[in-house]
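Me: I would like to go through this model with you. Could we begin with the terms?

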Amino acid sequence: MATQLSELETQLEDLRAEGITAIAACQTLDELEQLRINYLGKKGKVSVVLGAMGKLDPSERPRIGALANEVKKALETGLEETRTALQRAQLEAQLQSETLDVTMPGVYHSQGRIHPLNGIIDRALDIFVGLGYTVASGPEMETDYYNFEALNTPPDHPARDMQDTFYLPDGNLLRTHTSSVQIRYMEQHQPPIRIVAPGRVYRRDTVDATHAAVFHQIELLAIEEGLRFTDLKGTIKEFLRQMFGDLPVRFRASYFPFTEPSAEVDLQWQGKWLEVLGCGMVDPNVLKAAGYDPEKYTGFAAGFGVERFAMVLHQIDDIRRVYASDLRFLRQF
Ligand code: DAH
């Protein structure tokens, strides 16, 4: 009996020594799991030794039981230590391989950019909002009334010649200017009025370096008691100063059916003067058409050519470039 006892003890001690060595030398978590099964699993080496315990005298069993527990614990501790070390090493390797070099150039995604015409409109509206104006809009397809008649331009008026346009079968037309928004807005609101209205306009114009058949304007309208020409001039000058800085500006007397007196403003472009806007004091007939009392209210109005502004601001030599969708051109802005 004694031999059996010491034999089992020896076996357990051998298992401990052999197991600890194998566990310590283990290189992967998979191998480690295999070792755990081999030693501590249900049919593992420790269980096999314990199975032989049945042959022992019952009085000797506690000793082997205690030793077996000790060996199990030792192996478990070894397994745990190696597992922790292997896991740490694995994490370390992963971190190494996934290191992010923040100094590497990123992947470039083109964001596109604002078209120069929209850029001008955005800037102009920003400036006018800063001066207390509200943004308004109107339809591109207009009636003869809003585009001409209410703007003091009856059918036989010679000024219509300069604003021939595209007529629709139903008698409507594509608006020749954003001035139609003046009437539409006045009909819906009461003074004081301060609006800017950007939009597309159409003309039967021969296309050349400074003319297009479809272009953009920004309309301005201010109505109140006591507005005078100096208010108009001050507003326009301040706007142009914010838009262009200290560029030379020329005010020139002019004529529009819907303003009296009227003026045009020119800026320097390609070494000569280029007309960029028309303006004037709102004609009493226009105020009447909108249902306002011209004895009580006065106002000023202006129409800016967006393309012309872009041409002066960016010194663009030909208006057709802004419609050509040539990225080599558009990427410059
Ligand atoms: N509507 C004019 C045009 O397109 C520009 C203009 C001139 C607008 C004088 C105005 C103005 O509001 O007062 O040629």
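Reply: Helices (H or I, at least four residues) and strands (E, at least two) are DSSP runs, numbered from the N terminus. This is a predicted model, in which local features need pLDDT of at least 70 and side-chain atom pairs count only at pLDDT 80 or more, while totals for chains, interfaces and linings use all residues. Residues are numbered from 1 along each chain as its sequence is written, and side-chain values use heavy atoms, with hydrogens and water left out.

Me: Where is Q315, and what is its phi?

Reply: Q315 sits in the loop between α10 (306-314) and α11 (327-330). Its phi is near 50°, a positive value in a residue other than glycine.

Me: Which peptide bonds are cis?

Reply: The bond from P191 to P192 is cis, with omega near 0°, and P192 belongs to the loop between α7 (180-188) and β4 (193-202). The bond from E260 to P261 is also cis, with omega near -5°; P261 is in strand β7.

Me: What does UniProt list for E260?

Reply: An unreviewed UniProt entry lists E260 under "binding site"; such annotations may be inferred rather than shown by experiment, feature names are shortened, and positions follow the numbering used here. E260 lies in strand β7 (residues 259-269). Not counting residues up to four places away in sequence, E260 touches M281 and D283, where contact means heavy atoms within 4.5 Å.

Me: And the ligand: how many residues surround it?

Reply: There are 16, of which the closest are H177, S179, R203, Q217 and E219; a residue counts if one of its heavy atoms lies within 4 Å.

Me: Which polar side-chain atoms lie by ligand nitrogen or oxygen atoms?

Reply: Among them, one of H177 is 2.9 Å from a ligand nitrogen and one of S179 is 3.0 Å from a ligand nitrogen. The ligand taken alone exposes 350 Å², and the protein buries 94% of that (Shrake-Rupley method, 1.4 Å probe).

Me: Changing topic, how many salt bridges are there?

Reply: The whole structure has 16, each a side-chain nitrogen of Lys or Arg within 4 Å of a carboxyl oxygen of Asp or Glu. One of them joins E18 and K45 (3.0 Å, N to O). E18 lies in helix α1 (residues 2-25) and K45 in helix α3 (residues 45-51), so the pair ties together parts 27 residues apart in sequence.

Me: Finally, how is the chain divided?

Reply: It has domain 1 (2-97) and domain 2 (116-330), with bounds from an automatic or database domain assignment. Their centres, taken over C-alpha atoms, are 92 Å apart.

Note on methods. A polar contact is a pair of N or O atoms within 3.5 Å; within protein, one must be able to donate a hydrogen and the other to accept it, and residues adjacent in sequence count only if both atoms are side-chain atoms.
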